[in-house]
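Please open the model in a viewer and keep the selection panel at hand.

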Amino acid sequence: MAGISNHWAFVFGVLGNIVSFIVFLSPIPTFYNIYKKKSTEGYQSIPYVVALFSSMLWIYYALLKTNMPLLITINSFGMFIETIYVGLYLFYAPKKARVQTVKMLMLSVVGGFGAIILVTEFVFKGAIRGQVVGWICLIFSLCVFVAPLGIVRKVIKTKSVEYMPLLLSVFLTLSAVMWFFYGLLLKDINIAAPNVLGFIFGILQIVLYAIYSKKEKVILKEQKLPEIQTPGVIVKDHENMHTNKNKLPELTQEQIIDIVKLGLLVCSDKTQVATCPNDTNCGVKDTNNNVVNMPKLQTVA
């Protein structure tokens, strides 16, 4: 039975290494932006210093337990990559941020980790030493898993998931699941217990992302500008023209012919204009001196 548990512990440990490897590489886009901008403005070094300190603690704990090589492998990689992140941050950070980062490094990595090693090595002996370091790792891991509560609060307050990437939340949740089963199968509560909290907070972040990402889509859809409609040509039929009293009456065929004749006479360059006194008949003379009577147009009411 113990052999089966160790076998499955190895499987979950390998899976945990793979998922945690991806999690450790997730800040690469952030540092690519820092490299492009040549500045760390808008970014903080706290997550990378904390991750570096956490990796160092777990390596020390795994060395004391002597039967956790997979815990050593992933945290060795984590310590390596987090050191690079911190180094890049210090290189591009302004003076004030650089000083704060150095202070945190001295306080946590040098002072805190150094103090843990000194106390456990000289005060505690044998298995008790491993238990004490395990409790320290457990408490520190719980604090790390509680840290995303700040992001959760910000998402609820702003109703925006801009600062909570979905993929990172998913991989952190998967990592918590893998390491929980790894610790459970090895009967190590110091590994299993904090990952229960990690799993809960991971699921919470995914649920919040699902809720507020839908709300964001609805808000964006409502804020879209209305489409510009192309103007249409309105054509009224013959019956509607008759029903509208403000429209001009329809001309008869004879009136149209008279208007055409008048237009031809006015436009002719040889037309002679005749005056017409009062109600006497009037007309115009053509080229043969013949009088052409002008048509009498009806007034339009």
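Begin by selecting Ser141, which counts as buried because its relative accessibility is 6%; buried means under 20% relative accessible area, exposed over 50% and partly exposed in between, with a 1.4 Å probe and protein chains only. Ser141 belongs to helix α6. Helices (H or I, at least four residues) and strands (E, at least two) are DSSP runs, numbered from the N terminus. Leaving aside residues up to four places away in sequence, Ser141 touches Trp58 and Pro194, where contact means heavy atoms within 4.5 Å.

The model is predicted, and local features need pLDDT of at least 70, side-chain atom pairs count only at pLDDT 80 or more, and totals for chains, interfaces and linings use all residues. Residues are numbered from 1 along each chain as its sequence is written, and side-chain values use heavy atoms, with hydrogens and water left out.

**The whole chain**

Now display the chain as a cartoon. Its secondary structure comes to eleven helices and two strands, and from the N terminus on the elements run α-α-α-α-α-α-α-α-α-α-α-β-β. Of the 301 residues in the chain, 30% are buried. Among contacts between residues at least 6 apart in sequence, 68% join residues at least 24 apart.

Centre the view on Leu57. Apart from residues up to four places away in sequence, Leu57 touches Phe113, Ile116, Ile136, Cys137 and Phe140.

**Helix α3 against helix α5**

Two packed helices are described by the angle between their axes and the distance between the axes. Select α3 and α5, whose axes come within 10 Å and cross at roughly 15 degrees. The two helices are therefore roughly parallel. Axes here are lines fitted to C-alpha atoms, for helices over the stretch in contact, and angles run from 0 to 180 degrees between N-to-C directions. Angles under 35 degrees count as roughly parallel, over 145 as roughly antiparallel, 65 to 115 as roughly perpendicular and the rest as oblique.

The crossing of α3 and α5 is right-handed; a crossing is left-handed if the near helix is turned anticlockwise from the far one by less than a right angle, and right-handed if clockwise. On the α3 side, the contact residues include Ile46, Val49, Phe53 and Tyr60. On the α5 side, they include Met104, Ser108, Gly112 and Glu121. By class, this contact has 13 nonpolar, four polar and one charged residues. Ala, Val, Leu, Ile, Met, Phe, Trp, Tyr, Cys and Pro count as nonpolar, Asp, Glu, Lys and Arg as charged, and the others, Gly among them, as polar.

Next, select Leu52 in helix α3. At 7% relative accessibility, Leu52 is buried. Not counting residues up to four places away in sequence, Leu52 touches Met79, Glu82, Thr83, Leu105 and Val109. The C-alpha atoms of Leu52 and Phe80 are separated by 8.3 Å, with the two residues 28 apart along the chain.

**Helix α4 against helix α5**

To see the contact, show Val86, Tyr89, Leu90 and Phe91 of α4 with Ala97, Arg98, Thr101, Val102 and Leu105 of α5. By class, seven of these residues are nonpolar, one is polar and one is charged.

**Two loop residues**

Most residues other than glycine have a negative phi, and most peptide bonds are trans. Finish with Lys38, in the loop between α2 and α3, whose phi is positive at about 60 degrees although Lys38 is not a glycine. Its relative accessible area of 47% makes Lys38 partly exposed. Lys159, in the loop between α7 (149-158) and α8, has a positive phi of about 55 degrees. With a relative accessible area of 44%, Lys159 is partly exposed.
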